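Have the structure open beside you and follow along.

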Amino acid sequence: MVHGLFVVKANPPYDRPGRVSVTWQADGYGNIIISWNAAQNARGYSVLRSSSKSGPFEQIAEHLINTSYTDTSPPLLTSYYKVVAINAEGTTSSTDETIMPTKSPTNHPTAKCGNGFCEIDEYSITCPADCSNNELNNVLANASRGAPGIMFLVKARNRSIDLSAFKFFMYESSSSLVQIYSRIGYHTGFETELDGWEMVYEGIIQFSGNSMIELSLPAKVSVQAETSRSFFIWFESDVRIRYEVGSSEGALLSSDSFVEIYEGVGITSKFGGSYNDVYSPRVFSGVVGYDILALPATVSQSLACCICHLRSSIL
């Protein structure tokens, strides 16, 4: 009987993986899509990210077979990415090619405006192509619950925003008076009381079941950077907004570079005074539309000097 460690390799033996070249693009929802060519002899890939070109790099994905990866939570500041090809012989990092966006203001703003990302020196008025009519999409394909009302929290990340519209689905085909209320901060503890809420939309609309409704706010609701507002969408008729059961009220539901949506509650009686009419946790299945506002002058100048831009870059 033979004892010991045996290493069995494919025949013929293969070499270390070849290098890969990395490219990137923004998907319009605050995500960064990293793509690379297939490396010779690679059996898998890992993606690493750093805030500095020289590192250290943190692994954000591993055991990848496909040649692309979507970073759904890229930092607001500059990021550098590496792709590592792997097999049993070892690893090989991506090439040192770096794709950098413009770092300073230019006399030709179209060099940046229209690139799919709202830069630090851009905002909804100066670059509507990138900073206006943005959407955070949290539509759930199989939302199976519903109620006449839903409350949820929206937070502005890093930049102040103007909330401009909501899109969502209904169960029934009908017409109804619909109202949207908003209040600063969390709705928790204020689900059954009108105090602190302000109406930001009211109108009678017609809708078809399983068709998306879009409600544009007559006056946009501002949310300052790093602060939050709660919203309450309510239908007076006996109809139901589609939503889904969540995991925990107040848990982060969806986000992009500028906005976060949190799990909320379903409501069956508007400010009825009873928590028997509140169903928690519930998930808003819809879209939040928003514009990105200008940074205060002092903040903008400081960030432009030290950070230069918000775009993600590739190493």
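**Entry 1: a first pair**

Which side chain meets Lys-270 in a salt bridge? I looked it up in this model, which is a predicted one. The partner is Glu-236, and the N to O distance is 2.9 Å. I then checked where the two residues sit. Lys-270 belongs to the loop between β18 (259-267) and β19 (278-284), while Glu-236 belongs to the loop between β15 (228-235) and β16 (241-245). The pair links distant parts of the chain, 34 residues apart.

Are these two buried or exposed, or in between? Lys-270 has a relative accessible area of 25%, so I noted it as partly exposed. Glu-236 has 38% and is partly exposed as well.

**Entry 2: salt bridges between strands**

How many salt bridges does a search of the whole structure find? I wrote down 8. Here I follow up on Asp-71 and Arg-49, whose closest N and O atoms are 2.7 Å apart.

Next I turned to Glu-135, which meets Lys-167 in a salt bridge at 2.7 Å, N to O. Glu-135 lies in strand β8 (residues 134-138), and Lys-167 lies in strand β11 (residues 161-169). Parts of the chain 32 residues apart in sequence are therefore tied together by this pair. What about their surroundings? Glu-135 is partly exposed at 26% relative accessibility, whereas Lys-167 is buried at 16%.

**Entry 3: the disulfides**

I moved on to the cysteines. A disulfide is a covalent bond between the sulfur atoms of two cysteines. How many disulfides turn up in a search of the whole structure? I found 2 of them listed.

One joins Cys-113 and Cys-127, with the sulfur atoms 2.1 Å apart. Both cysteines are in the loop between β7 (90-93) and α1 (128-131), 14 residues apart. I noted 100° about the S-S bond for Cys-113 and Cys-127, a right-handed link. Cys-113 is partly exposed at 23% relative accessibility, but Cys-127 is buried at 1%.

Cys-118 and Cys-131 form a disulfide too, and their sulfur atoms are 2.0 Å apart. Cys-118 is in the loop between β7 and α1, and Cys-131 is in helix α1, so this pair ties together parts 13 residues apart in sequence. Why is the disulfide of Cys-118 and Cys-131 right-handed? It is right-handed because the torsion about its S-S bond is about 100°. Cys-118 has a relative accessible area of 1% and is buried. Cys-131, at 0% relative accessibility, counts as buried.

**Entry 4: the order of pairing**

Definitions and conventions
Residues numbered from 1 in each chain as written. Predicted model: local features only at pLDDT ≥ 70, side-chain atom pairs only at ≥ 80, totals over all residues. Heavy atoms only, no water. Disulfide = S-S within 2.5 Å. Helix = DSSP H or I, 4+ residues; strand = E, 2+ residues; numbered from the N terminus. Buried < 20%, exposed > 50% of the residue type's maximum accessible area, 1.4 Å probe, protein only. Salt bridge = Lys/Arg side-chain N within 4 Å of Asp/Glu carboxyl O.
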